Amino acid sequence: QVQLVESGGGLVQAGGSLRLSCGASGRTFGTYPMAWFRQAPGMDREFVATISWTGGRTDYADSVKGRFTISRDNANVDLQMNSLKPEDTAVYYCASDAAKYYTGDYVSREAAAYNYWGQGTQVTVSS
């Protein structure tokens, strides 16, 4: 099993910044992507960003491109969020496909590609 714990959420004014962190423990071996997703009230969970095992490849949702930056240190992953907007308000979830071995800089935007999820951290952006 793998445990993922997010931190860093909170309330911020529009235009501000937050940095989310996700710490992993347990069976964190392997070469696998990690990602951030978010879910706003009444909405489906949506992809935000993903990063390969090496960190050499990243992918972002169009809505956050240029404002958010994903990074990782082994099995831990961060999300730097700048120029936040009220529409970024959501619960943010860290996801991992730990204990798998992928070749190359594999990433995925699909929630089904990830086997482990954190409990989520609330981000609220006021206008």
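Predicted model: local features only at pLDDT ≥ 70, side-chain atom pairs only at ≥ 80, totals over all residues.
## Strands and their partners

Residues are numbered from 1 along each chain as its sequence is written, and side-chain values use heavy atoms, with hydrogens and water left out.

**A quick word on terms**
- Strands (E, at least two residues) are DSSP runs, numbered from the N terminus.
- Two of them pair if DSSP finds at least two bridges between them.
- Strands of a sheet pair through backbone hydrogen bonds, either parallel or antiparallel.

**The four-stranded sheet**
- E1, E3, E8 and E7, in that order, make up an open sheet of four strands with antiparallel pairing.
- At the edges sit E1 (2–7) and E7 (68–73), each pairing on one side only.
- From one strand to the next, the twist averages 15° (axes are lines fitted to C-alpha atoms, and angles run from 0 to 180 degrees between N-to-C directions).
- Six bridges link E1 to E3 (residues 18–26), again in the antiparallel sense.

**Around strand E4**
- E4 pairs with E5 (residues 46–51) in the antiparallel sense over five bridges, and Met34 stands opposite Ile51 in E5.
- E4 and E5 form a hairpin with six residues between them, and Gly42 in the turn has a positive phi of about 75°.
- E4 also pairs with E9 (residues 90–96), antiparallel over six bridges; there, Trp36 has Cys94 of E9 as its bridge partner.
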